[in-house]
Amino acid sequence: MEGTAEPVVYQKLLLWEPGLESEEEEEETSEALIPNPWRPQDSSGNKAAGLPGTWARLVAALLLLAVGCSLAVRQLQHQGSSTGSLGSAAPPPGRHSHGPGVYHHGAIISPAATCSHLGRELLVAGGNVVDAGVGAALCLAVVHPHATGLGAVFWGLFHNSSSGNSTALTSGPAQALAPGVALPAALPALHLLHARFGHLPWPRLLVGPTTLAQDGFLVDTPLARALAARGTEGLCPLLCHPDGTALGAGARATNPQLAAVLRRAAHAPTSDLAGDALLSLLVRDLGVEVPSAGPRPTLEPAQQLPTAQGILFTTPSPSAGPELLALLEAALRSGAPSPDPCPPVLQTAVGPESSTLATVDSSGSVFLLTSLLDGSFGSAHLSPGTGILLSNTMAKSTASAWACPLVLRGSLDDTEANVLGLVASGTLDMARAMTHTILSHLAEPQTQAQPQHQGQQDATEQPRTCGQGTLLQVAAYAEHAHVSSVPRGCCPYQGI
């Protein structure tokens, strides 16, 4: 474990606001540029003191007008440079620009545009990739209850570019809270990760998700599609109209009970207490006894596989990490070409609901997260006191779902080595797609593989490419952050 690893910290991007910097500039320059015309000066001072009152006022007014125009020009120039630094305007003359998915500082990609935007805001506020990822994960727990939530099972992988180490996050052993209902471990797991590697205060990460739950969010297409396929049984009133019909895309949903849980969790100083903020309410809802042992999330060194091109890191069992490393090791030893990324079974299989996200910065720090509810809307048991859907412990997730994050670092000795991150979820055959992606990358000469990142994305993103799963790819090379997805357009991304 990374006992001395320091969190990655970004410098906060400063935005010009009227009344802030202008006031400071005026205070600093007014004494030197604008002597008080109403106060008599000594013989070495302003001659306005010796003029008649009318002329003194006229000279002072002209001076104030000239200085005001100068300050206005300076402020407009500063405003233009601040806007350009956020990528919301055309780059200033002489600066280069990039295509979609390439950013100077950092980026995040997730299944919901709202949550990608929230993660970007945390990066702008000075947060690191862990802050952005945890905030986005909590956001997804609000806006995508069909695929993830506080009752979901999480696997995470954090690669620290400063130390070269990778740390795996797991939700701990599965525990039953009630028949068919798993003990939720998301809050203590995410709190544990943030306490170790995050930079922003924990309550700051919960502001956006709490606001969305309390004030409402718009149902997006993935949630609306899942509702239409699943039906509303057990999901009302959270995701239903007053007449019991399912909310459609564009409808507004609120979850004030979940907002209350998040507010309680924001004040929890430890991961155990973060979990207790939810557990105490669930016990009352379900009419069961408090379990003798709470959730036991873990942080442990990631599993490794050295290769000629670098080191592969992934999460331990019960994720699919060990299975993936075994597939890759066998393929590398045999020297056989990479397998077909999309075997025929993928064209008819029904993919389980899951959620993935990825964050990366230009220095090479990466955070990958995947979560499963073991079926669409989990157990479909809506806890009225908490507003969450719990995971279904009765589902045979190991037979129907596959999820894994993976990081490839070019060299542990080189702090500026290129880093590639992949996180996938879907049917079991997503392992084949991920193996194909990694082997294709390793087969490329390293001097050519990195600049062709976007080209490789085009080569793998065919319409039939593993349509029953999601593969997110992030990379850091040439001091830039890169993001893409398979299938293309499945997951919105934002960056700075």
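A disulfide is taken here as a pair of cysteine sulfur atoms within 2.5 Å. By this rule the protein has two disulfides. In general terms, a disulfide is a covalent bond between the sulfur atoms of two cysteines. The model is predicted, so local features need pLDDT of at least 70 and side-chain atom pairs count only at pLDDT 80 or more, while totals for chains, interfaces and linings use all residues. Residues are numbered from 1 along each chain as its sequence is written, and side-chain values use heavy atoms, with hydrogens and water left out.

Helices (H or I, at least four residues) and strands (E, at least two) are DSSP runs, numbered from the N terminus. Cys115 belongs to helix H3 (residues 113–124) and Cys139 to helix H4 (residues 129–143), so the bond ties together parts that are 24 residues apart in sequence. The link of Cys115 and Cys139 is left-handed, with -80° about the S-S bond.

Burial is judged by relative accessible area: buried means under 20%, exposed over 50%, and partly exposed in between (1.4 Å probe, protein chains only). Cys115 is buried at 0%, and Cys139 is buried at 0% relative accessibility.

The disulfide of Cys236 and Cys240 has its sulfur atoms 1.9 Å apart. The torsion about its S-S bond is about -85°, so the disulfide of Cys236 and Cys240 is left-handed. Cys236 is partly exposed, at 36% relative accessibility, whereas Cys240 is buried at 10%. With bonded cysteines counted along the chain, the disulfides follow the pattern 1-2, 3-4.

Cys404 is buried, with 0% relative accessibility. Cys490 has a relative accessible area of 26% and is partly exposed.

What do the totals for the protein look like? The protein has 14 helices and 18 strands. Of its 496 residues, 50% count as buried. A contact means heavy atoms within 4.5 Å. Among contacts between residues at least 6 apart in sequence, 74% join residues at least 24 apart. Accessible areas come from the Shrake-Rupley method with a 1.4 Å probe, and for residues only the protein chains shown count as cover. The accessible surface of the protein comes to about 22300 Å², and 56% of this belongs to carbon and sulfur atoms.
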